[in-house]
Amino acid sequence: MVMVILFILFVILIALLGFFLQTSKTDKKLEKANNLYKFEKYKEALELFQELYSKESGNKLYNWYIGQCYEKLKNYELALVEYNKASLSTKFIPPLNEAEVHKRIALANLELGNVNKAYREFQIVTTLNPQNPDAYFYLGVMAKNKGELQKGVEFFEKAFQYKKDYPEAYFEHGKLNYLLMHTDKAKKSLLEAINQDPDLYEAHYYYGIILEKDKVYQKSMDEFLLALRDDRFKFDSYVHLGSIYMALSDKDSAFDIFEKALAVGTVNKESLLDAKYKYADYLVQERDLNRALKLWQEIYSQDDRYKDVESKIQIYGDISKSENLTRFFTSLKQDFIKTGYTLCKLLRVKVENYNFQKNDLLEFIGTSRLGRDDIICVMHMVRWTSLVGEIPVRELIDSVVERGASKGIFVTATYFSEKAHGLSKIRPLELIERERLEQLLSKVYE
């Protein structure tokens, strides 16, 4: 009997020894696999984890490790399979964490383009862990991509609420507030993003735009110069810098910067056309019609219906042949007013007052001699590139009536429509078109 008991104890001892030896061997393999993973040897780690899993297929921890290896190897389909198996665990003993498992499922679905599934998984994460900042961040990104900007703002607020050092969340929050025209909130968040990560050049770009709109030009330029370090924003930053230099009346620097922008170029057709159009308008102010015409022609070759480019090419092409018309079109504001005064004098109108109307229309109010009487006269002068139609002429008539005037004069460097001419035959109006204006300008600029 004693021998039987001793034998049983011996067998138990051997079994326990074998168990501990096997456990020790398993622990060493697991440790080795984790070390391989740590040193980015994902294929070797995967093989060891799979070997361990084959001997203990009920252990969901191995599914978790295998899933991470597949994810690092960018095999997101197989990673998703393993993570889904891990999520079925009834117990989540560290290092297995239920919220983290669902977060990995969400990220894998994002990589595979399964946005709706990813969205649902991130919502599960926030249910399991209401203070998970990354889940809120990704929910914010997806809301933004769906056009749900306000919802995105709320998600990003929660992201940096639970993670103070989160420049990406602050940036996205600032950008969305900028798009929603909540300028103060945008400025605050973008500045925080920059303070946390000075190399976040996209934040510098948007912060620069806000400062430019606030006319804080020097600081805005500093931000755009930083944004230039990111090729994605190089073209647009140059365009903004060029516009700022124009606002500061440093035209040589502005034109140099615009040339740099065009040399860099962009795949965004609309941005490129807009930059060329803006630059061409600045060139007109400096009387460089040849360069402006070249830019308009480039725009026209890409989009023959872009804004009023076709009209500009036709009008400015003719204007560039006349030194006087060129000067008329490209003069600065004060010179344009002075030209108007001189034209009024040539037309025997004594100016009493003037004002700028909408669409850069200059209105003069004065008196003109008719026989022995002085009559009130209103003159409208424009340098539009388009045909002057019926509506602007009717607006002149309204102004004549409103001011109790007896005569109206409309001056343009282009031409009037047939209906506009018709109105002048039944009203006391004088319409001055290109040829007559050019004759008058030859006296103005003597």
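1. Lys 215 is placed in the loop between H11 and helix H12 (217-227). In this predicted model, Lys 215 has a positive phi of about 65°, although it is not a glycine. Most residues other than glycine have a negative phi. Is Lys 215 buried or exposed? Lys 215 is exposed, because its relative accessible area is 61% and the term applies over 50%.

2. A positive phi is also found at Lys 307, again a residue other than glycine, with a value near 45°. Lys 307 belongs to the loop between helix H16 (289-302) and helix H17 (309-319).

3. A further point of backbone geometry concerns a peptide bond. Pro 94 and Pro 95 are joined by a cis peptide bond, with omega about 10°. Most peptide bonds are trans. Pro 95 is located in the loop between helix H4 (76-87) and helix H5 (98-111).

4. The loop between H3 and H4 contains Asn 75. With a relative accessible area of 27%, Asn 75 is partly exposed, because this value falls between the limits of 20% and 50%. Asn 75 and Asn 109 are separated by 34 residues in sequence, and their C-alpha atoms are 12 Å apart in space.

5. Asn 63 lies in helix H3, which covers residues 60-72. Asn 63 has a relative accessible area of 0% and is therefore buried, the cut-off being under 20%. Which residues does Asn 63 touch, not counting residues up to four places away in sequence? They are Tyr 53, Glu 82, Lys 85 and Ala 86.

6. Helix H10 (residues 183-196) packs with helix H11 (residues 201-213) at an angle of about 145°, and their axes are 9 Å apart. The crossing of H10 past H11 is left-handed.

7. Which residues of H10 and H11 meet? On the H10 side they are Thr 183, Ala 186, Lys 187, Leu 190, Leu 191, Ala 193 and Ile 194. On the H11 side they are Ala 203, His 204, Tyr 206, Tyr 207 and Ile 210. Of the residues in this contact between H10 and H11, nine are nonpolar, two are polar and one is charged.

Conventions. Residues are numbered from 1 along each chain as its sequence is written. This is a predicted model: local features need pLDDT of at least 70, side-chain atom pairs count only at pLDDT 80 or more; totals for chains, interfaces and linings use all residues. Side-chain values use heavy atoms; hydrogens and water are left out. Axes are lines fitted to C-alpha atoms, for helices over the stretch in contact, and angles run from 0 to 180 degrees between N-to-C directions. Helices (H or I, at least four residues) and strands (E, at least two) are DSSP runs, numbered from the N terminus. A crossing is left-handed if the near helix is turned anticlockwise from the far one by less than a right angle, and right-handed if clockwise. Contact means heavy atoms within 4.5 Å. Ala, Val, Leu, Ile, Met, Phe, Trp, Tyr, Cys and Pro count as nonpolar, Asp, Glu, Lys and Arg as charged, and the others, Gly among them, as polar. Buried means under 20% relative accessible area, exposed over 50%, partly exposed in between (1.4 Å probe, protein chains only).
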